[in-house]
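Hello,

Please find the structure below. My notes on what was found in it come after.

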Amino acid sequence: MIKPYTLGEIASFLGTRLVGDGRCEISGLGTLGGASPGQLSFLSNKVYLDQLATSQASAIILEEQFADRSTANLLVSDQPYVCFARASSLFAVAPALAPGIHPSAVVDSGASVSESASIGPQVVIESGVLVGEGSIIEAGCIVGRGSRLGSNCRLHSRVTLYHDVKLGDHVIIHSGAVIGADGFGFAFDGERLVKIHQLGSVDIGNEVEIGAGTTIDRGTIDDTVIEHGVKIDNQVQIGHNSRVGEHTVICGCTAIAGSAMIGKHCVLGGASGMVGHLHIADGVEVTAMSLVSQSITEAGLYSSGTGQMKTSDWKRAVVRFQQLDSMAHRLRKIEKSLEDN
C-alpha cells in the first residue's frame with residue numbers, strides 16, 4: 001500500500017512554492033497526458049505544453065513561466081525534472097526484506113555480516129566478506145572472497161561480485177550484473193595467446209547505480225575505478241583498468257575498452273563505444289552510437305557516424321565515401337594547376 005501525501009507535505013519535502021490547495025491528497029505520479037485525479041505530474045519539456053490545459057493531474061510541477069497556463073494545483077520550481085525525480089522516492093515500493101540471513105544462504109564463518117543486513121535465499125558469501133549496515137543481498141547473489149559492501153547497498157537477485165570487489169555506501173546493482181571478472185588481457189608469443197592474469201580489482205564509490213546485465217572487469221594491476229555518483233545503464237561493458245569520474249552517466253549497450261579514462265559529469269549515449277587507452281575530459285557528452293576513437297580534451301557535445309537516411313540514399317553515400325580520397329587528390333591537382341596559371 002502506497003502512503004498518500006498532502007500537496008503541502010510534498011511542497012515542503014521538495015522545497016517548492018505551492019500554488020493552490022495544500023490539503024490536496026496525492027497518491028502517485030503520472031504523465032501530463034496520462035495522469036488521473038490524485039496524481040502529481042510535471043512539465044520539463046516544452047514539447048508537452050499543449051497537454052497542460054487538458055491534464056487530469058491534481059497537481060503539476062513546472063517552472064514559473066508556465067504557471068499561468070494551468071488551472072491545476074502547482075508546485076513551482078526552477079528544476080521540475082529534478083523535483084519529479086525526488087518526488088518519485090515518496091512513492092517507490094521495493095520488496096521489504098527483514099534483517100537476517102535466510103536459512104538457505106551459505107555464509108562462510110570468516111565473513112562479517114551486519115545484524116541489520118538482509119541476506120536472501122541461496123546467497124553465497126565467501127570468506128573475508130564484509131557486509132555493512134542495512135545492506136540487502138537478494139536471492140541467488142554470489143559475493144566473492146574478501147569483497148566489501150558499505151552501508152545501505154542493495155544487490156538485486158543473481159548479482160555476482162568476484163573476489164576483493166569494493167562497494168561504497170548506497171550502491172545499487174541490478175540483476176545479472178557481474179563485477180570483477182577478468183579483464184580481456186592476452187600476450188601473443190608468436191604462436192599462441194598467453195593469458196595476463198588480472199591482479200587488480202574493482203573499486204566502486206558511494207551512490208553508484210549499475211544496471212542489469214552490466215559487466216565491469218577487474219584491473220590488470222591497479223583497480224578499475226567507478227567514482228561516486230556514477231550511473232550505469234543496462235548491458236554496459238567497462239574494460240579493465242578504466243576509470244569513470246564522479247556523476248558520469250553511461251547509457252545502455254555502451255562498450256568501453258580497457259584503460260579508458262572518463263572525466264566527471266560526462267554522458268555517454270546509448271550504444272556508444274570508446275577505444276582503449278583514451279581520455280575524456282570533464283563535462284563531455286557523446287551522442288548515441290558514436291565511437292570515441294581519439295581522446296577528447298575539451299568539454300562539449302561530440303558525435304560520430306552518419307545520420308539516418310533512406311537506404312537508397314545511404315548506399316549512394318557509401319560509394320561517395322569510398323571515392324573521397326581520389327576526389328581529394330584530383331582537387332589538389334586542380335588547385336595546383338590554377339595556382340600555376
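Arg145 counts as partly exposed, since its relative accessibility is 41%. Please keep in mind that this is a predicted model.

Salt bridges

Arg145 forms a salt bridge with Asp164, and the closest N and O atoms of the two are 3.9 Å apart. The two residues lie 19 residues apart and link distant parts of the chain: Arg145 is in the loop between β15 (142-143) and β16 (148-149), while Asp164 is in the loop between β18 (160-161) and β19 (166-167). Asp164 has a relative accessible area of 29% and is partly exposed.

A second pair is Asp223 and Lys166, whose side chains meet in a salt bridge at 3.2 Å, N to O. Asp223 is partly exposed at 26% relative accessible area, and Lys166 is partly exposed at 29%.

Arg192 and Asp189 form another salt bridge, with the closest N and O atoms 3.9 Å apart. Here Arg192 is exposed, because its relative accessible area of 52% is over the 50% cut-off. Asp189, at 47%, counts as partly exposed. The count of salt bridges comes to 10.

The sheet

An open sheet is formed by 10 strands with parallel pairing, in the order β9-β12-β15-β18-β21-β26-β29-β32-β35-β38. β9 (106-107) and β38 (291-292) stand at its edges; each has a single partner strand, so one side of each has no neighbour in the sheet. For β9, the pairing with strand β12 (residues 124-125) is parallel and runs over 2 bridges. Within it, Val106 stands opposite Val124 in β12.

Pockets

The largest pocket holds about 390 Å³ of space. Its lining has 13 residues, and those nearest the centre are His170, Ile172, Val208, Glu209 and Lys231. Two strands, β28 (231-232) and β31 (249-250), each supply at least two residues of that lining. By class, the lining has 7 nonpolar, 1 polar and 5 charged residues.

What is the volume of the second largest pocket? It is about 180 Å³. Among the residues that line this pocket are Val286, Leu291, Val292, Gln294, Ile296, Thr297 and Tyr302. The lining of the second largest pocket divides into 5 nonpolar and 7 polar residues, with no charged ones.

Regards

Definitions and conventions
Residues are numbered from 1 along each chain as its sequence is written. This is a predicted model: local features need pLDDT of at least 70, side-chain atom pairs count only at pLDDT 80 or more; totals for chains, interfaces and linings use all residues. Side-chain values use heavy atoms; hydrogens and water are left out. On a 1 Å grid over the protein atoms alone, a cavity is a set of points where a 1.4 Å probe fits but cannot get out, and a pocket is an open set with protein on both sides within 12 Å along at least five of seven lines; lining residues have an atom within 4 Å of a point. Grid points are joined across faces, edges and corners, and a volume is the space filled by probe spheres set on the points. Helices (H or I, at least four residues) and strands (E, at least two) are DSSP runs, numbered from the N terminus. Ala, Val, Leu, Ile, Met, Phe, Trp, Tyr, Cys and Pro count as nonpolar, Asp, Glu, Lys and Arg as charged, and the others, Gly among them, as polar. Two strands pair if DSSP finds at least two bridges between them. A salt bridge is a side-chain nitrogen of Lys or Arg within 4 Å of a carboxyl oxygen of Asp or Glu. Buried means under 20% relative accessible area, exposed over 50%, partly exposed in between (1.4 Å probe, protein chains only).
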